[in-house]
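Here is a predicted model of two chains. The questions below ask what the terms used for it rest on.

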Amino acid sequence: MIKQAAYFIISALPALAQDRSGAESFERRHAHMKPQADEWKWAQVPWMSDLGEARKKAAAEGKPLYVWTMAGEPLGQC
Amino acid sequence: MLTFYGKGKESRIALMKENFVPVILDGYLRGTAAEKEFLKGCGTVGNGFTYISASGKKLGGDSYLGANGMAKALEEYRKLPEEDRKPKVVRPEEVGSSASLPVAPPSGGLRANVYFTYLEQDGKGDHRRALWHVEGQPGEEPGSGAGRNQVLTFVDKFWLTEAEWKSLLPENPAKGRSLPLPEAIQRRLVRYHALDMAHRSTGDKVRSATFSLTVEEASADGVTLRLEGATETGVAFEEAPLDGKNAEAAGLCGAELKWLGTLHYDAKKKAFDRFQVVALGNGWGGNRKQAATTNFYRGGDHRRWPMGVAFELLTTDRPIDRIPPQNANPYRGGDAYFGKGK
């Protein structure tokens with residue numbers, strides 16, 4: 001247990017020390033955990049989540065529906 | 001997801017945006033009774049994409065690995081008569097409570113995106129985003145389209161009710177004053193986000209969690225709070241089995257994270273306009289081959305995987321911004337997310 005705790009402290013503290021050293025470091029870390037520029041192409045798509053409203057829009061605009069379903073929420077972890 | 005990943009997918013997205021009305025549906029929550037009946041009648045694809053006319057004629061479908069049938073679906077669509085392409089759509093009145101709909105955001109609540117990604121040492125004493133792939137082979141840069149599942153960012157949501165976010169504000173904010181993080185908020189952070197989101201399960205086991213809020217600035221304009229914390233969840237590293245069968249289901253993963261964040265309350269807006277939090281640390285455990293839901297391979301070694309979680313206030317209100325936290329869904333924790341029930 002002591003060994004484990006020591007490892008955790010040694011491995012995590014330098015990173016946090018850097019975080020505490022300035023807002024710039026914090027912002028940089030925050031930014032690089034977010035989706036990267038080329039990553040979230042699906043976010044460029046104007047998704048609708050209300051099927052009824054989407055059908056109305058499709059009928060009004062003369063377009064078919066593109067329905068994405070997954071076992072769970074498609075735009076999250078799935 | 002792969003449909004939208006890697007190079008050369010822009011043309012596919014452009015085709016979709018130009019010619020289709022894109023809809024996302026949680027496969028476990030397919031809407032009202034009428035909507036479920038509509039989808040059933042269309043024969044929608046289980047995990048993937050279905051192309052449907054507004055009237056309900058199925059035009060084709062693709063698996064989630066690639067939306068290759070769009071052009072053919074468009075051809076089929078153009079052959080349809082007017083009544084299928086432009087039907088009068090009336091939303092039927094719902095009777096009873098058979099609807100299965102996503103949870104709506106709490107009125108007046110605070111919403112944030114939560115991002116999770118694996119990290120690795122960059123050789124310069126810092127971290128960078130991990131670059132490995134599901135097959136465990138040295139990967140190309142993320143976004144290259146190579147490999148089956150590139151490293152990517154997992155996303156979830158974090159919701160606070162109005163009463164919960166208001167509980168973050170001290171009654172008498174004075175610079176330097178320290179106060180505990182409200183229990184309900186701490187519980188939500190720890191239970192749902194202090195873990196490896198790709199491998200997910202820590203069995204809701206919390207070995208330790210300490211958080212504090214410190215007033216950094218306080219004036220008539222607002223209050224700035226610094227959040228700090230440390231969490232240990234799941235099983236300890238030594239107790240996590242290597243390639244244990246159903247390790248995730250059994251909650252035999254673990255994680256240890258250090259937290260740091262800045263929260264700003266704008267007195268004029270009477271709302272938080274900054275909720276920016278980072279958690280850095282390591283995760284371990286889980287299946288050797290792949291996580292149950294993500295196909296995310298972590299190699300065969302039993303070792304600590306550097307990882308990071310970032311929270312960012314949501315300021316837009318698009319349909320995708322209203323997607324609930326995954327654990328607030330009724331097929332996960334439901335009301336337990338808000339501290340009700342189990």
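Q: How many residues of chain B are in contact with chain A, and how many of chain A take part?
A: In this predicted model, 96 residues of chain B touch 61 residues of chain A. Each counts because it has heavy atoms within 4.5 Å of the other chain.

Q: What area do chain B and chain A bury between them?
A: About 7400 Å², with 61% of it on carbon and sulfur atoms. Val21(B), Val23(B) and Ile24(B) supply 10% of what chain B buries against chain A, more than any other three residues.

Q: Why is the meeting of Glu312(B) and Lys34(A) called a salt bridge?
A: Their side chains come to 2.7 Å, N to O. The cut-off is 4 Å between a Lys or Arg nitrogen and an Asp or Glu carboxyl oxygen, so the pair qualifies. The count between the two chains is two salt bridges.

Q: How many residue pairs are in polar contact across the interface?
A: The rule finds 21, with both residues at pLDDT 80 or more. On the side of chain B that touches chain A, strand β11 (residues 271-285) gives the most, with seven residues. The residues of that side divide into 49 nonpolar, 23 polar and 24 charged.

Q: What makes strand β1 of chain A and strand β1 of chain B a pair?
A: Residues 65-70 of chain A and residues 21-26 of chain B are joined over six bridges, in the parallel sense. At least two bridges are required, so the strands pair.

Q: Which residue of β1(B) does Trp68(A) stand opposite?
A: Ile24(B).

Terms used
Residues numbered from 1 in each chain as written. Chains lettered and ligands numbered in written order. Predicted model: local features only at pLDDT ≥ 70, side-chain atom pairs only at ≥ 80, totals over all residues. Heavy atoms only, no water. Buried area = accessible area lost by both parts, 1.4 Å probe. Polar contact = N/O pair within 3.5 Å; in protein donor to acceptor, adjacent residues only side chain to side chain. Helix = DSSP H or I, 4+ residues; strand = E, 2+ residues; numbered from the N terminus. Nonpolar A, V, L, I, M, F, W, Y, C, P; charged D, E, K, R; others polar.
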